[in-house]
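This report describes the side-chain packing of one protein model. Please keep the sequence and the structure in view while reading.

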Amino acid sequence: MRCLLFIAALLCLAPGARADTPIEVTGEVIVVHGKVPTVTAPAAQRYNPLKTPPYTDRAINSDAWTRAWMMLDIDETGTVVRVKFLKKPGYDLEPIAVAEAFKQRFSAALDEQGQPMRSRVVWSIEWPSVWWLDSIASPRSAMPMVGSPPHRADRDVPCRGSGPLNLDMLHPVYKDCSQPDLTKADSAPWIFPPVQKH
């Protein structure tokens, strides 16, 4: 199953279950072995796929283009109850990634009988290079759409590791095209929402 999202829910699993069919993840195929019940996947609610999350000073000063991959545990009401990192973004962005993940709300996943069920999704949060956004006169708060038909402005930005380092450039722009490390799905620690003070 596939959700075309800028911060994207890409893999839906019931807790403890695994899929035995290929799942397309941003142009690549990841195969996870096992079985998963037939369900209606949770869908993100009131979600803007082009909105970028806040940046840290370190990410801005480093001109980083980075991405977090997270697993979200979603309860029967569509609330994110805990999260874990499958790939950390670095640049002191982890607290922002966690906060953004807990802000998400979903329609509940449904089991074969149409009843709400707990589920998990793999979710990506991306921070484009601030210099790159500034260079195309785009606000830092959103990924711009360009062209006709409209498409994301970063479509032709090469992935990190795909070409020469361009060390002679002041701002060599390569985007983070990393994929989630699903080997961490069981071993990475869960992060719970902060306790609300009254």
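In this predicted model, Thr-66 is in contact with Lys-87, Pro-89, Tyr-91, Leu-93, Ile-125, Glu-126, Trp-127 and Asp-176, when residues up to four places away in sequence are not counted. Thr-66 belongs to strand E4 and, with a relative accessibility of 3%, counts as buried because the limit for that class is under 20%. A polar atom of the Thr-66 side chain lies 2.7 Å from the backbone oxygen of Pro-89.

In soluble globular proteins, nonpolar side chains tend to be buried together. The largest nonpolar core in this model contains 28 residues, and Met-70, Leu-72, Val-83 and Trp-127 have the most contacts inside it. Two or more residues are given to this core by each of strand E4 (66-74), strand E5 (80-87), helix H2 (94-103), strand E8 (119-127) and helix H3 (130-135). Helix H2 provides the largest share, 5 residues. A second, separate core has 6 residues, including Trp-69, Met-71, Leu-182 and Ala-185.

Apart from its neighbours within four places in sequence, Met-70 contacts Val-83, Lys-84, Phe-85, Leu-86, Ala-97, Val-98, Ala-101, Val-121, Val-122, Trp-123 and Ile-125.

**Aromatic pairs and charges over rings**

A pair of aromatic rings is described by the distance of the centres and the angle of the planes. The model has 3 aromatic pairs. For Trp-65 and Trp-132, the ring centres are 4.9 Å apart and the planes meet at 50°, so this pair is tilted. Trp-65 lies in the loop between helix H1 (57-61) and E4, whereas Trp-132 lies in helix H3, so the pair ties together parts that are 67 residues apart in sequence. Both Trp-65 and Trp-132 are buried.

For Phe-106 and Trp-123, the centres are 5.4 Å apart and the planes are at 75°, so this pair is edge-to-face. Phe-106 is in the loop between H2 and strand E6 (109-110) and Trp-123 is in strand E8, so the pair links parts of the chain that are 17 residues apart. Phe-106 counts as buried at 4% relative accessibility, and Trp-123 counts as buried at 0%. Together with Tyr-47, Phe-106 and Trp-123 form one aromatic cluster.

Which residues lie over the face of Trp-190? Arg-82 and Lys-84 both do so, and their distances from the ring centre are given below.

| Residue | Ring | Distance from ring centre |
|---|---|---|
| Arg-82 | Trp-190 | 4.0 Å |
| Lys-84 | Trp-190 | 4.4 Å |

Lys-84 is also among the residues in contact with Met-70.

**The disulfide**

How many disulfides does the whole structure hold? The search finds 1. This disulfide joins Cys-159 to Cys-177, with an S to S distance of 2.0 Å. The torsion about the S-S bond is about -80°, so the disulfide is left-handed. Cys-159 and Cys-177 each lie in the segment after strand E10 (151-152), so the pair ties together parts that are 18 residues apart in sequence. Cys-159 is partly exposed, with a relative accessible area of 28%. Cys-177 likewise counts as partly exposed, at 25% relative accessibility.

Technical notes: Residues numbered from 1 in each chain as written. Predicted model: local features only at pLDDT ≥ 70, side-chain atom pairs only at ≥ 80, totals over all residues. Heavy atoms only, no water. Core = buried A, V, L, I, M, F, W, Y, C linked by side-chain atoms within 4.5 Å. Buried < 20%, exposed > 50% of the residue type's maximum accessible area, 1.4 Å probe, protein only. Helix = DSSP H or I, 4+ residues; strand = E, 2+ residues; numbered from the N terminus. Contact = heavy atoms within 4.5 Å. Disulfide = S-S within 2.5 Å. Phe/Tyr/Trp six-rings, centres within 6.5 Å; stacked < 30°, edge-to-face > 60°. Lys NZ or Arg CZ within 6 Å of the ring centre and 35° of its normal. Polar contact = N/O pair within 3.5 Å; in protein donor to acceptor, adjacent residues only side chain to side chain.
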